[in-house]
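Please follow the description below with the sequence and the structure side by side.

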Amino acid sequence: MQEAVIKTDKLTKRFGDFIAVNEITFEVYKGEIFGFLGANGAGKTTAMRMLTGLSAPTSGTASVAGFDVYKQTENIKKNIGYMSQKFSLYEDLTVVENFEFYGGIYGLSKKQIKNKSDALIEGLKLQKEAKKLVIDLPLGWKQKLAFSVAIFHDPKIVFLDEPTGGVDPLARRQFWDLIYTASEKGITVFVTTHYMDEAEYCNRISIMVDGKIAALDSPENLKKQFNVQSMDEVFYQLARGAKRSE
Amino acid sequence: MITANNLVKTYGKHREILAVNNVSFSVKKGEIFGLIGPDGSGKTSIFRILTTLLLPESGSATVEGFDVIKDYKQIRNTVGYMPGKFSLYQDLSVEENLNFFATVFETTVQKNYDLIKDIYVQLEPFKKRRAGKLSGGMKQKLALCCALIHKPTVLFLDEPTTGVDPVSRKEFWEMLKRLQAQGITILVSTPYMDEASLCDRIALIQTGKILSIDKPANISSSFPDRIFAVKAKPMSGLLKALSKFPDAVTSYAFGEYAHLVIKKEQPDFENNLKKYLENEGLENVVIKQIQASIEDCFIKLLK
């Protein structure tokens with residue numbers, strides 16, 4: 001039996017008459033790379049905000065890393081990492097200062113921060129860049145660093161919101177190498193993307209349509225289920241039927 | 001019609017950041033020309049030079065025969081520009097934004113309604129809503145309407161589909177094809193390699209430099225090496241095995257397949273590769289030779 005680190009049951013969020021997330025029920029297992037897909041406006045961001053403890057659900061239940069999304073949001077925040085394309089690093093701080101800052105926020109000791117940051121700089125071969133301001137680094141590097149910062153405190157789950165938007169095809173692939181490494185270490189990866197080739201790299205994916213989870217399975221099974229050759233076609237078949245025009 | 005000749009633009013106190021590095025290209029009338037490259041490759045600087053919002057350091061450029069420095073006023077009346085960052089008035093409604101841009105260009109929405117009708121009907125149910133409250137896809141459509149309202153003959157679209165889901169992206173490209181059919185010249189940039197094939201011609205761009213300009217099909221067919229799509233279980237083992245395969249120029253993940261690039265023709269290559277992979281403990285090996293995609297070409301040029 002696989003250990004579920006995210007568990008939801010009829011999780012729902014309403015804004016007035018509008019049901020942004022409509023009774024979603026699913027589980028994500030430990031160490032899994034879980035792709036969370038959907039068209040713009042399908043409810044992905046709202047669902048992610050509930051799972052990361054930033055927004056209280058209207059009804060239903062959910063636990064993340066063993067903690068309740070209504071009552072234990074502070075525990076959730078301590079046990080997860082989060083990275084998005086928009087919010088990641090402080091550009092006016094150096095690489096090492098960013099490590100110190102985030103390590104401090106998560107309550108790591110100075111010694112822990114030093115050890116981790118040395119190991120990361122060596123692992124990413126960033127010796128030359130360690131004292132540079134983040135603003136002066138190429139985007140591909142910023143994204144790798146942002147990911148390292150997101151898992152700096154060894155969270156149980158890391159949430160990645162379109163982490164590879166806009167980077168070149170090589171950097172995109174190098175980024176996925178980091179995701180695989182994290183997942184091999186037992187960190188669960190919850191990722192959204194608009195690149196359908198990246199959907200193939202996930203163990204399982206869900207596709208949201210109009211606030212509901214319309215499909216959830218491995219990429220291989222989804223292609224079989226819809227009798228198509230690519231995830232692009234699976235996505236197209238599902239999202240085309242969306243009634244909610246965003 | 002657009003021409004760019006040896007455009008150079010640098011940033012920084014000591015001009016140490018070379019954003020646009022000697023860029024030349026031309027776009028024919030009625031063509032959809034794509035600038036394909038990642039963030040930070042100089043696409044936006046090129047757009048801003050061509051729309052007269054930024055002065056080049058050296059080099060020259062024309063749009064519809066007008067010089068981007070001397071004739072900037074004519075250019076501004078001739079072109080439509082949709083910047084990468086949403087730049088409409090967030091506090092004005094859909095309708096108000098559209099009327100505002102029509103008025104700035106001394107025209108009316110009614111006069112040019114034909115051109116935007118297809119797109120605007122999708123926005124109409126929300127016409128009283130403030131632009132800031134629209135979803136991503138709707139903002140994109142409104143921005144396109146505002147860029148079209150003065151009947152430009154050249155359209156500049158800077159990453160119109162970034163962060164947009166695959167279905168909306170497809171619809172957006174269908175809109176562009178309809179605008180092209182009305183004779184509008186379109187320069188569009190995108191980080192999505194799969195959109196390259198929808199352009200008539202493309203320039204692949206990286207760190208301010210153009211790596212290649214041609215029709216997408218020609219760029220694909222001029223890929224110098226042989227390329228194979230390989231599938232096996234487990235995928236992680238396959239990628240490791242391919243990376244140490246003796247004849248590999250390079251290999252990388254590509255959706256459900258891995259791509260393997262090799263230099264020259266080899267007799268019985270597929271069988272040999274299959275045996276090698278099976279010896280490495282991989283199962284369900286599938287190998288097929290394929291034509292390089294634009295993404296393969298881009299990876300090749302980056303290496």
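In this predicted model, chain B contains an open sheet of 4 strands whose order is 2-1-4-5, with antiparallel pairing. The edges of the sheet are formed by strand 2 (17-27) and strand 5 (66-67) of chain B, each of which pairs on one side only. Within the sheet, strand 1 (residues 2-11) of chain B runs antiparallel to strand 4 (residues 58-63) of chain B, and 5 bridges join the two; B:I2, for instance, stands opposite B:V63 in strand 4 of chain B. Helix 1 (residues 43-50) of chain B packs on this sheet, where it touches strand 1, strand 2 and strand 4 of chain B, and the direction of the helix makes about 120° with that of strand 1 of chain B.

Taken as a whole, chain B has a secondary structure of 10 helices and 14 strands, and its C-alpha atoms fill a box of roughly 70 × 45 × 35 Å along the principal axes. Of the 303 residues in chain B, 44% are buried. Among the contacts in chain B with a separation of 6 or more, 69% are accounted for by residues 24 or more positions apart.

Chain B is divided into domain 1 (2-220) and domain 2 (223-302), and the centres of these two domains of chain B, taken over C-alpha atoms, are separated by 37 Å. The contact between them takes 11 residues from domain 1 of chain B and 10 residues from domain 2 of chain B. On the side of domain 1 of chain B that touches domain 2 of chain B, strand 9 (201-206), strand 10 (209-214) and helix 7 (216-221) of chain B each supply at least two residues, and the largest share, 3 residues, comes from helix 7 of chain B. The residues on this side of domain 1 of chain B divide into 7 nonpolar, 4 polar and no charged.

In soluble globular proteins, nonpolar side chains tend to be buried together. Which residues have the most contacts inside the largest nonpolar core here? That core has 157 residues, and those with the most contacts inside it are A:V158, A:V189, B:L50, B:L142, B:C145 and B:F156. The largest share of the core, 8 residues, comes from helix 5 of chain B. Because domain 1 (2-220) and domain 2 (223-302) of chain B both give residues to this core, the core lies between them. As for B:F156, and leaving aside residues up to four places away in sequence, the residues it touches are B:F47, B:L50, B:T51, B:V79, B:G80, B:Y81, B:M82 and B:L187.

In strand 9 of chain A, A:R204 is the bridge partner of A:F34. Both faces of strand 3 of chain A are covered, with A:I33, A:G35 and A:L37 buried on one side and A:F34, A:F36 and A:G38 buried on the other. Since 6 of the 6 residues of strand 3 (residues 33-38) of chain A are buried, this strand is largely enclosed by the rest of the structure.

Finally, A:M48 has its place in helix 1 (residues 44-51) of chain A. Is A:M48 buried or exposed? With 20 other C-beta atoms within 10 Å, A:M48 is buried, because a residue counts as buried at 20 or more. Not counting residues up to four places away in sequence, A:M48 touches A:F159 and A:D161. A:M48 and A:G211 are 163 residues apart in sequence, while their C-alpha atoms are 12 Å apart in space.

How values were computed:
Residues numbered from 1 in each chain as written. Chains lettered and ligands numbered in written order. Predicted model: local features only at pLDDT ≥ 70, side-chain atom pairs only at ≥ 80, totals over all residues. Buried ≥ 20, exposed ≤ 12 C-beta atoms within 10 Å, placed from the backbone. Pairing = 2+ DSSP bridges. Contact = placed C-beta atoms within 7 Å. Domains from an automatic or database assignment. Nonpolar A, V, L, I, M, F, W, Y, C, P; charged D, E, K, R; others polar. Core = buried A, V, L, I, M, F, W, Y, C linked by C-beta atoms within 7 Å. Axes fitted to C-alpha atoms, helices over the stretch in contact; angles between N-to-C directions.
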